[in-house]
Amino acid sequence: DTEGLLRIKEENQKHYRRAQRHQEKKEKIQRHNRKLGDLVEKKTYELKTQYEHLANLRRTHILELTSVIFPIEEVKTSMRDPADVSSESDNAMTSSTVSKLAEARRTTYLSGRWVCDDHNGDTSISITGPWIILPNNGDYSAYYSWVEEKKTTQGPDMEHNNPAHTISAALCYATQLVNTLSLILDVNLPKKLCNRQVKTLQSNHEFCGENLSRHRFTRAVKKLNANILHLCFSQHVNLDLLHPLHTLRNLMYLVSPDTENLGR
């Protein structure tokens, strides 16, 4: 028993010395981890600072781009509410009729269904100039009508003020701006829209050049709206302001100086 007790004491001493070595190694590892933690915290702060600096640079470039080359503004239209005009001409008109007229004014028949649009008739959004505007409610029927008319009309089209021309130009500029914003913000767009010029100087743009059919035009507009919404989501634009059909209005909210996270 005495010999067994001595062997157990020797083994306990070996385990004790080994435990001391492990404790020293543990403390050494803990000191190393603290140093790494301090280094990671420092690098994280530096990275955050660089991200903020990069965001400010992106924001500056975007605001300069949209103020000099692609200004987007809200254009007021001097259209009066038909309910007001009707009520002035007929004092006996009931309040229910007035409300129905106001509701009809805010409703648009679009793609086979009625769409409610609070901005309809009040304002339009322009890009690169007050004469290049898009309908607020996403109704591009003027372009469809123009394409159908061109199929039956021979000779060059001399109507430069045709709404179809302004719609095509506005969508063309919007596509160029969206593609440029994706490069500045380093955000990959979900849909591909081309705005390059080919070597033959013929436009390879989705909205410029040849007259698009209703199907191709609608498909291109949907792709553009999807790209704009994707950029808005990436920059944390207030979702309550966005509407899937309001092309330039969504783009205006995206590049607005009031967008706090622009450039993130």
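**Helix packing and a pocket**

Mentor: Start here: H5 and helix H6 (residues 214-234) pack at about 35°, with their axes 10 Å apart. Axes are lines fitted to C-alpha atoms, for helices over the stretch in contact, and angles run from 0 to 180 degrees between N-to-C directions. Helices are DSSP runs (H or I, at least four residues), numbered from the N terminus.

Trainee: Where do the coordinates and numbering come from?
Mentor: This is a predicted model, where local features need pLDDT of at least 70, side-chain atom pairs count only at pLDDT 80 or more, and totals for chains, interfaces and linings use all residues. Residues are numbered from 1 along each chain as its sequence is written, and side-chain values use heavy atoms, leaving out hydrogens and water.

Trainee: OK, which residues in H5 and H6 meet?
Mentor: From H5, they include Ile167, Leu171, Val178 and Leu185, and from H6, Phe217, Val221 and Leu231 are among them. Contact means heavy atoms within 4.5 Å.

Trainee: How many of those are nonpolar, polar or charged?
Mentor: The H5 and H6 contact has eleven nonpolar, three polar and no charged residues. Ala, Val, Leu, Ile, Met, Phe, Trp, Tyr, Cys and Pro count as nonpolar, Asp, Glu, Lys and Arg as charged, and the others, Gly among them, as polar.

Trainee: And how does H5 pack with H7?
Mentor: H5 and helix H7 (residues 247-254) pack at an angle of about 35°, with axes 11 Å apart. On the H5 side, Ala170 and Leu177 are among the residues in that contact, and on the H7 side, Leu248 and Leu251 are. That contact has nine nonpolar, one polar and no charged residues.

Trainee: What comes just after H5?
Mentor: Asp186, which takes a positive phi of about 60°.

Trainee: New topic: what classes line the second largest pocket?
Mentor: Three nonpolar, six polar and two charged residues.

Definitions and conventions
Helices (H or I, at least four residues) and strands (E, at least two) are DSSP runs, numbered from the N terminus.
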